[in-house]
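Me: Hi! I have a structure open and would like to talk it through with you. Could we go through a few spots one by one?

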Amino acid sequence: MNEQARILVVDDDPDIRQLLRVLLRDYRVEEAESGVEAVQRLRADAAYDLIILDIMMPGMDGVDTCQILRRFSASPVLFLTAKTQLGDKAAAYASGGDDFLPKPFSQAELMMKVDSLLRRYCVYKGKREAYQAADVQLDEQRRCAVKRGKTVELTAKEFEILRYFFRHQGKPLEVRTLYEEVWGDSYMPSSANTVTVHVLNLRKKLEEDPANPQLIRTIWGKGYQFG
C-alpha cells in the first residue's frame, strides 16, 4: 500500500523479528526487542505509521507497553500473540490496540492486517474536515478530538470510530454495521465485545459522566446513536 510507511516491530524473539522484516521488506521496518525499548523509541520519535507488538514478552508485556504508548502515540497497534482467548483480546483492545493477529500466522493474514491499518492511517493522515457535536470537535489533521479547546488523544481505531459517528450523527447505528464499516471485516459474535470496548474507551475520554453518556448513547437492541 505505502512503501514508505515506517513500521516498528516489537518482539523479544529475534527469529520473529527477522521473519517480520523479511515479510515486510517493502516497508521501512525497525525493531525493538522489549516493551521498554519500544517506549524509549516512541518517546524519542513517534513518527511510526504502524507498531507490531507481541503480547507475551518478559518484563513489560505488550498490553502494558501499549497502555504507555497510548499516552503519547496514536500510531495503530497490531498485536501478535499466541494467546487467543476472548479475555486476552479484550485486554489487548482495552489497552489501545487496533487489531489482533494470532500466532502462528500466514503471510497473507499478516499483509491483510498491515495493509488495512496502514491504508486507514496513512490515507487519512493530514486531512481536515469540520466535525462538531456538542462541545466536541474532530481534528482530521492531528487525528484527535478537541473538547472545550483541549486536545483529547485518540488511538487510530478510536479516531476511525468517532469519525464514523460524526458522519452518521443522529442516526441509530447497529453494532454489526459499525464493526463492518470501521474494521472492514466480517462480523462475528465476538465482534460485539470489540466494539463495546472501544466505545467504552471513547466515552471515558469524551463524556462528562461515562456511566450516563449523553454524546454516545446506547440504543438498546440496536446499537448506538451519536450526537
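Predicted model: local features only at pLDDT ≥ 70, side-chain atom pairs only at ≥ 80, totals over all residues.

Me: What does Ala-192 touch, leaving out residues up to four places away in sequence?

Reply: With those set aside, Ala-192 touches Val-175 and Tyr-187.

Me: How far is Ala-192 from Arg-43 in space?

Reply: Their C-alpha atoms are 33 Å apart, and 149 residues separate Ala-192 and Arg-43 in sequence.

Me: OK, helix packing next. At what angle do α7 and α8 pack?

Reply: The angle is about 80°, and the axes of α7 and α8 are 10 Å apart. α7 and α8 are therefore roughly perpendicular to each other. On the α7 side the contact is made by Val-175, Leu-178, Tyr-179 and Trp-183, and on the α8 side by Ser-191, Ala-192, Thr-194, Val-195 and His-198.

Me: What about α6 and α7, how do their axes cross?

Reply: The axes of α6 (residues 156–167) and α7 (residues 175–183) come within 10 Å and cross at roughly 120°. That makes α6 and α7 oblique to each other, and α6 passes α7 in a right-handed crossing.

Me: Which residues of α6 and α7 meet there?

Reply: Lys-157, Glu-160, Ile-161, Tyr-164 and Phe-165 of α6 meet Thr-177, Leu-178, Glu-181, Val-182 and Trp-183 of α7. Sorted by class, the contact of α6 with α7 has six nonpolar residues, one polar and three charged.

Me: Then α6 with α8: what is the angle, and how far apart are the axes?

Reply: α6 and α8 pack at about 80°, with axes 10 Å apart, so α6 and α8 are roughly perpendicular to each other. From α6, Lys-157, Glu-158, Ile-161, Leu-162 and Phe-165 meet His-198, Val-199, Asn-201, Leu-202, Lys-205 and Leu-206 of α8. By class, the contact of α6 with α8 counts six nonpolar, two polar and three charged residues.

Me: Changing topic: how many salt bridges does the structure hold?

Reply: The structure holds 17 salt bridges. One of them joins the side chains of Arg-6 and Glu-30, at 2.7 Å from N to O. Arg-6 is in strand β1 (residues 6–10) and Glu-30 in strand β2 (residues 28–32), so this pair ties together parts 24 residues apart in sequence.

Me: Is Arg-6 buried or exposed?

Reply: Arg-6 counts as buried, because its relative accessibility is 11% and the limit for buried is under 20%.

Me: Which residue forms a salt bridge with Asp-11?

Reply: That's Lys-103, with the closest N and O atoms 3.3 Å apart. Asp-11 lies in the loop between β1 and α1 (14–23) and Lys-103 in the loop between β5 (99–102) and α5 (107–124), so the pair ties together parts 92 residues apart in sequence. Asp-11 is buried at 1% relative accessibility, whereas Lys-103 is partly exposed at 25%.

Me: And the peptide bond from Lys-103 to Pro-104, is it cis or trans?

Reply: The bond from Lys-103 to Pro-104 is cis, with omega near -5°. Pro-104 is in the loop between β5 and α5.

Me: Which residue does Arg-148 meet in a salt bridge?

Reply: Arg-148 meets Glu-208, at 3.2 Å from N to O.

Me: Last one: where does Val-136 lie, and what is it in contact with?

Reply: Val-136 lies in strand β7 (residues 136–139) and is buried, at 0% relative accessibility. Leaving aside neighbours within four places in sequence, Val-136 is in contact with Tyr-131, Ala-145, Val-146, Lys-147, Phe-166, Leu-206 and Leu-215.

Notes:
Residues numbered from 1 in each chain as written. Heavy atoms only, no water. Salt bridge = Lys/Arg side-chain N within 4 Å of Asp/Glu carboxyl O. Helix = DSSP H or I, 4+ residues; strand = E, 2+ residues; numbered from the N terminus. Buried < 20%, exposed > 50% of the residue type's maximum accessible area, 1.4 Å probe, protein only. Axes fitted to C-alpha atoms, helices over the stretch in contact; angles between N-to-C directions. Parallel < 35°, antiparallel > 145°, perpendicular 65-115°, else oblique. Left-handed = near helix turned anticlockwise from the far one by under 90°. Contact = heavy atoms within 4.5 Å. Nonpolar A, V, L, I, M, F, W, Y, C, P; charged D, E, K, R; others polar.
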